[in-house]
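Colleague: I have the file open and would like a quick walk through the fold. Can we start with the strands?

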Amino acid sequence: MKLVSAIIKPFKLDDVREALSEIGIQGITVTEVKGFGRQKGHTELYRGAEYVVDFLPKVKLEAAVDDPMVDQVIEAITSVANTGKIGDGKIFVSPLEQVIRIRTGETGKDAV
Ligand SMILES: Nc1ncnc2c1ncn2[C@@H]1O[C@H](COP(=O)(O)OP(=O)(O)OP(=O)(O)O)[C@@H](O)[C@H]1O
Ligand SMILES: [Mg+2]
C-alpha cells in the first residue's frame, strides 16, 4: 500500500475528488494547508490577486491506496489538477505499512 499525498490548488478540489471517486477511491482526507514552491509564493496569483505573502493557500489531499491503484490515482490527480501554470502542486508517494478499519478490525488492502 502507498500513501498518496497531493498538494493542489484549492479550486481544483471538487474535480479531483470526483475523478478519484470515478476510479473507485473510497476515502480521502483533505486539509487546508499553506506552502510555497520554488517561486516562493511571490509571483503566484490567487483569486485574481497577486499574493504578497510567502505562503499560498493550498489543499492537501491524502489517500491510502493499494499498490495496483497508485498509477491510476497519480494520473487522475495530475490530469485534473494541471492548469499548466506555476503552483499546480505536487504529489508525494510514500510506503504505507498498515491500514486498520476501526469498526470492523479489517486490515491491509481490505481496509483501504
Ligand atoms: N519540496 C516540497 N516539499 C513539500 N511541499 C512542497 C514542495 N514543493 C512544493 N510543495 C508544496 O506544493 C505547493 C505547490 O508547489 P508548486 O506547484 O508551486 O511547486 P514548484 O516546484 O514551484 O512547481 P511550479 O514551478 O510548477 O510552480 C507548495 O505551495 C507547497 O505547499
Ligand atoms: Mg511553484
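Colleague: In which sense do strand β1 and strand β5 pair, and over how many bridges?

Modeller: They pair in the antiparallel sense over seven bridges, with β1 covering residues 2-8 and β5 covering residues 56-65. Two strands pair here if DSSP finds at least two bridges between them. This is a predicted model: local features need pLDDT of at least 70, side-chain atom pairs count only at pLDDT 80 or more, and totals for chains, interfaces and linings use all residues. Residues are numbered from 1 along each chain as its sequence is written, and side-chain values use heavy atoms, with hydrogens and water left out.

Colleague: Which residue in β5 is the bridge partner of isoleucine 8?

Modeller: Valine 59 is the partner of isoleucine 8. Isoleucine 7 stands opposite lysine 60 in β5, and in β6 isoleucine 7 has lysine 90 as its bridge partner. β1 and β6 run antiparallel and are joined by seven bridges.

Colleague: And how do β2 and β5 pair?

Modeller: In the antiparallel sense, over seven bridges. For instance, valine 33 has lysine 58 in β5 as its bridge partner.

Colleague: What is the order of elements from the N terminus?

Modeller: The order is β-α-β-β-β-β-α-β, made up of two helices and six strands. Those are DSSP runs numbered from the N terminus: H or I of at least four residues for helices, E of at least two for strands. The C-alpha atoms fill a box of roughly 50 × 20 × 20 Å along the principal axes.

Colleague: Switching to the helices. Which residues of α1 are buried?

Modeller: Val16, Ala19 and Leu20, in a helix that spans residues 13-22. Seen down the axis of α1, these buried residues fall within an arc of 100°, so they line one face of the helix. The arc is that of the directions from the helix axis to the C-beta atoms. Buried means under 20% relative accessible area, exposed over 50%, and partly exposed in between, with a 1.4 Å probe and protein chains only.

Colleague: What covers that face?

Modeller: The cover over the buried residues of α1 includes β1, β5 and α2. Just after α1, glycine 24 takes a positive phi of about 95°.

Colleague: Take alanine 76 in α2. Is it buried or exposed?

Modeller: Alanine 76 is buried, because its relative accessible area is 8%. The helix it lies in, α2, covers residues 70-81.

Colleague: What does alanine 76 touch?

Modeller: Ala19, Leu20 and Ile23, leaving out residues up to four places away in sequence. Contact means heavy atoms within 4.5 Å. Alanine 76 and leucine 20 are 56 residues apart in sequence, yet their C-alpha atoms are 6.5 Å apart in space.

Colleague: How much of the protein counts as buried?

Modeller: Of its 112 residues, 28%. Among contacts between residues at least 6 apart in sequence, 72% join residues at least 24 apart.

Colleague: Last topic, pockets. How much space lies in the largest pocket?

Modeller: About 370 Å³. A pocket is an open set of points on a 1 Å grid over the protein atoms alone, where a 1.4 Å probe fits, with protein on both sides within 12 Å along at least five of seven lines; lining residues have an atom within 4 Å of a point. Grid points are joined across faces, edges and corners, and the volume is the space filled by probe spheres set on the points.

Technical notes: Chains are lettered from A and ligands numbered from 1 in the order in which they are written.
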